[in-house]
Amino acid sequence: MEDKYKFAGIAIIVLCCFPLVCIKFLGMRYVFGVLIPYTALSIFLLGFISKVIGWSMSAVPFRIPTTCGQQESLPWIKANKIDCPFTKKGVVIRMLLEIFAFRSLFRNTKFSMDKNGPKMTFSWELWLWVFALAFHYSFLTVIIRHMRFFTDPIPLCITIVEKLDGILQIGLPGIFISGFVLLGAICFLFLRRIMIPQVRYISLAADYFPLLLIIAIVLSGMYMRYISKVDVVGIKSFTMGLVMFKPVIPDTISVMFYIHLFLVCTLLVYFPFSKLMHMGGIFLSPTRNLTCDTRQKRHINPWNYPVKVHTYEEYEDDFREKMIEAGLPVEKES
Amino acid sequence: MAKELKPQEFIDSLNHQPPKKGWMDLPVEIKKGRYCYVANPKSLETLGFPYARKWDPLEEDWKLPENWQEILHNGFKERLKRFRSIKVFMDTCVRCGACADKCHFFLGTGDPKNMPVLRAELLRSVYRNDFTMMGKLLGKAAGARKMDAQILKEWWYYLFQCSECRRCSVFCPYGIDTAEITIFGRELLNLLGLNIDWIATPVSNCYMTGNHLGIQPHAFKDMIDFFVDDIETITGLRMEPSFNQKGADILFVTPSGDVFADPGTYTCMGYLMLFDYLKREYGLNITWSTYASEGGNFGFFTSHETMKRLNSKMYAEAKRLGVKWILGGECGHMWRVINQYMDTMNGPADFLEVPVSPITGTPFTNAASTKMVHIAEFTADLIKHGKLKLDPRRNDHLKVTFHDSCNPARGMGMFEEPRYVIQNVCKHFYEMPSSTIREQTFCCGSGSGLNAGENMELRLAGGLPRANAVKYVHEKFGVNMLACVCAIDRAALPTLMNYWVPEVNVTGLHELVANALVMPDEQERTTDLRGEPLQSAEDSE
C-alpha cells in the first residue's frame, strides 16, 4: 500500500524540479510564465464545463432523494423541511447546508467495538468535518486573497478578506491565518489517510496526489511570503499582464515563483479529470437536490418505455376454473 | 459457518483490520454461507431474461456468453446516459471514508470490500478504465482496472452482499448512494444471466401468479380463510374479507410474505380485523386482490424494467376493480418503489381519486398523484380522530421497541406515523440509541432479496449492528418485542433475534393494533393474536 503515496510523492517532486531545471538551465520563462498558465486555465475551464454538461446530459429518470427526516404527511405531524424537503425552497436550503456546511459529513459517527460486552457503539465523530471545513474555507480565503494579483484597482471585498485574514499581525510581514490553517488542515487530511487503516486501505494514488500537490503549493507560497521575499511589485505587473492579455515577464521574479505557478497550473489541469470534480458534482447529486414529494407530484422519466406485462386477462385464463371453484369473482365465466 | 459458531465466538472471530494486500491485488474468494444459490434457468426463461443456464459460482467457468465483456461495456455506457446518479457517483467520490463503518455488512463481516466505498470502487475502477481519460492514460495508478472474469466474480459476490439500505448515503458528503450502485450493478449482471435464485424465482412467480410465493388465487383465499378461523377463536367474530371485488372503496395490497409465514401472519390478521372493524363501524369496503397479491417487488432487485413489469399490476387492478384509491400494507422496499418509482413508471393514475379517508375526511395530499397511502399513515389518522376503540392494556405483556425499516426510513421519511400508532396501542415503548434508528437505522441484514437460507452467515453478520442495539434496550428496559413495518424484517429478524438476542420476538405494527382494537360485540379476549395469555386476563384471575 505504501507505493501509492510514494508514487504520488515522487510525482510531486518531479513536478517541482521540472520548472526549476527548465528555467535555471534553459531559461524557459515565457513557456512557464505565459504559455502554460493560459493553457492550464483553458483546460480547467473547458474541462470543468464539459464535465458538468456531460453530467447534466444524463437523465434523472426517478426522483430518489435520501430522506433524512420526517416526511410531509398528516397535518399534525411535524415534517422535517430541510432533511426531507417537500418544497423547492427546502431543497435549496438542504443544498446550501450541504455545500457550505457539509451537513451530511456533520452526521459522521465512529464505530468501536468492545468484544467482551459484546457491544458495538457509535459515537459522534466531528474531526473529519472540522478539518474538511477548515481546509475548504481556508483554501477559499487564500484564493480570494490572491485575487489582489489579478485586479487593479483591488476591490474592497478582497481588501476586507485580507484584513480579516491578517488580523493576528505580529511584526512584519503580517501573518495570514488562512495559509497556516490550510497547511494544518491538509496535513491532517493526509496523515488521516495514512494512519487510519481502513482509510489507508481505500486510498488510491489519486487521493494522495492532490493532497501533496496542494501541500507543495502552500509551502512554495509560504516560502515566498515569509522567507525569500519575492519581488511582489514585479509579480503584480506580471499577473496583470496575463489578465490584460499583454504578458510581460520581469527578470526579477525568482524561480520559486515559477515552481509555485507551475504547481497551480498542474492543479488546474488535473482538476476536471479527477475526484476534485466533487466541487461540481455535489450540485447534481440526485439523492440531495430533489424534492421529497414524489407521491404528490409525478416525476417524468424521459426514457420511460412500455414493458411486457402479464395482464389480468392472461392471469384469469390461467386460473379461471380454480377461481370459480373458490368463489372468486371472474370476468368471463368460461 | 456462523450457525455453528456461538455468538461470542462469532464476535471474537470478527476482525475489522484490512489485510496487508491491496484490494486490487486480492483475488475474490467466494465463501459458502455468504452467497445465495444461482437463479433457476426456468425462472429466467419465464421472464424472457437472457443467458438462462445452469452454472456454479464455485466453479472456475461461469459459462458466460463469448462477448460478455462487450455486453457489459455497452450496458454500462447506455446506463451512464440513462442515470445521472450513476454518472455523478462514478466521478465524485473522494474516498473520505465516512461511509466505511456505516455499512452493517462491513461491521458484521469485517470484509473491506463491504465498505460502501470499496463496493462502489469495484465498479468505478472498471468505469475509469473504460470511460475516463485519466484511467486510460495512467491505468492502475489512477485506480483503473480492465474488466476480467475475476472482477466479474467480485461484482457478483459483493453486489449480492449489499441490501440497498442507503445508510451510507445519509453520511456521504455528496449523497453517493450505494443502493443506486448496487441496483445498477445487478442490472448489468442480469444482462449476463447472473441473478440469484432467491430473487429470480420470486420475480417469476410474481409475474405469473401475482405474488412472490406463487400462491394461486384459490390458495390465497384459503390462507386468508385460515386466519379468519383463528380470529374467530380469539374474538368470537367471523371476519368477512372481500377479494377481487369490483366497486369496493379501496384496494389493499400487501406483501404476500404476511400471508405465508409467522410472525407476518399475525400482522395479516391485524389487517383483517382492522378492515372488518371499519366495515362494521363505518361501512368501509376494502378489497384484496389475488392478481395484485404482492406488495413487495423483487423486480426492484433485478432491473428497473423488471420492477416496472411487476409493479404495473397494482394500477391495472385498481383500474379494473374501479376502486377510489389504493392502501398499502407494511413493507419496506415495496414502499420505496411506491414512493419514489411507481407513479413515474406506471402512472399517471388519473383513473383514481386523490385519497381521502372516508372515515375522518382527511385528504392524503402527500399522495395526491400516486394515490396510494401507507397503512401506518391511514391508521395514525384514524387514531388521531378517535375512530378506533383501543385497549392498550392488552399489549401490557409487551415491552416494545421500533425498528425503522430501511426503505420507509431513507426512501420515504416515515418515522412518526408508526411511532404514534405504537404509542397509542402499547403502554411500554422504548427507543433504541439514536445512532441506530430513524434515518440512521440499521438494516436487518437480509434486505434486497438476500433473505435466503444458504447465506445465513452473511445475514447474521449483517444483522449484528441491529441486534446489538436491540440487545441494549433488552438489557436496559427489558424490551421483549421488536416492532417493524417490513415483511422482510418479519421474515428475517426472528432468525436474527433467535441467534443474537433470543429473548426478543418480532411483530408487525398492525398485530399490535389488532391486539388493542376493541371489536364491536367481541367476546372477552384472554389471549393475544399469538395465543399468548394477556396480562390483564392473568391479573384478574
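Where does α22(B) bend, and which proline follows within four residues? I put this to the model, which is predicted, before turning to its other parts.

**Entry 1: helix α22**

I found a bend of about 35° at B:Leu493 in α22(B), and the proline that follows within four residues is B:Pro494. I located the helix at residues 487-500 of chain B, 14 residues in length. From first C-alpha to last I noted a reach of 20 Å, close to the 20 Å expected at 1.5 Å a residue. I then checked burial: α22(B) is mostly covered, with 12 of its 14 residues buried. B:Leu493, the site of the bend, is one of the buried residues, which also include B:Arg490, B:Tyr499 and B:Trp500.

**Entry 2: the sheet**

I traced an open sheet of 5 strands in chain B, with parallel pairing and the order β1-β3-β2-β4-β5. Its edge strands are β1 (242-243) and β5 (372-374), each pairing on one side only. I followed β1(B) to β3 (residues 286-288) of chain B and recorded 2 bridges between these parallel strands. B:Ser242 has B:Thr287 of β3(B) as its bridge partner.

**Entry 3: the two domains**

I took the bounds from the domain assignment of chain B, which gives domain 1 as 2-30 + 50-194 and domain 2 as 203-540. Their C-alpha centres lie 32 Å apart. I recorded 20 residues of domain 1 in contact with 27 residues of domain 2. On the domain 1 side, α5 (104-109), α9 (167-171) and α10 (178-190) of chain B each supply at least two residues. The largest share, 5 residues, comes from α5(B). I sorted the residues of this side into 8 nonpolar, 6 polar and 6 charged.

Terms used:
Residues are numbered from 1 along each chain as its sequence is written. Chains are lettered from A and ligands numbered from 1 in the order in which they are written. This is a predicted model: local features need pLDDT of at least 70, side-chain atom pairs count only at pLDDT 80 or more; totals for chains, interfaces and linings use all residues. The expected span of a helix is 1.5 Å times one less than its number of residues. The bend at a residue is the angle between axes fitted to the seven residues ending there and the seven starting there. A residue is buried if 20 or more other C-beta atoms lie within 10 Å of its own, exposed if 12 or fewer, and partly exposed in between; C-beta atoms are placed from the backbone. Two strands pair if DSSP finds at least two bridges between them. Domain bounds come from an automatic or database domain assignment. Two residues are in contact if their C-beta atoms, placed from the backbone, lie within 7 Å. Ala, Val, Leu, Ile, Met, Phe, Trp, Tyr, Cys and Pro count as nonpolar, Asp, Glu, Lys and Arg as charged, and the others, Gly among them, as polar.
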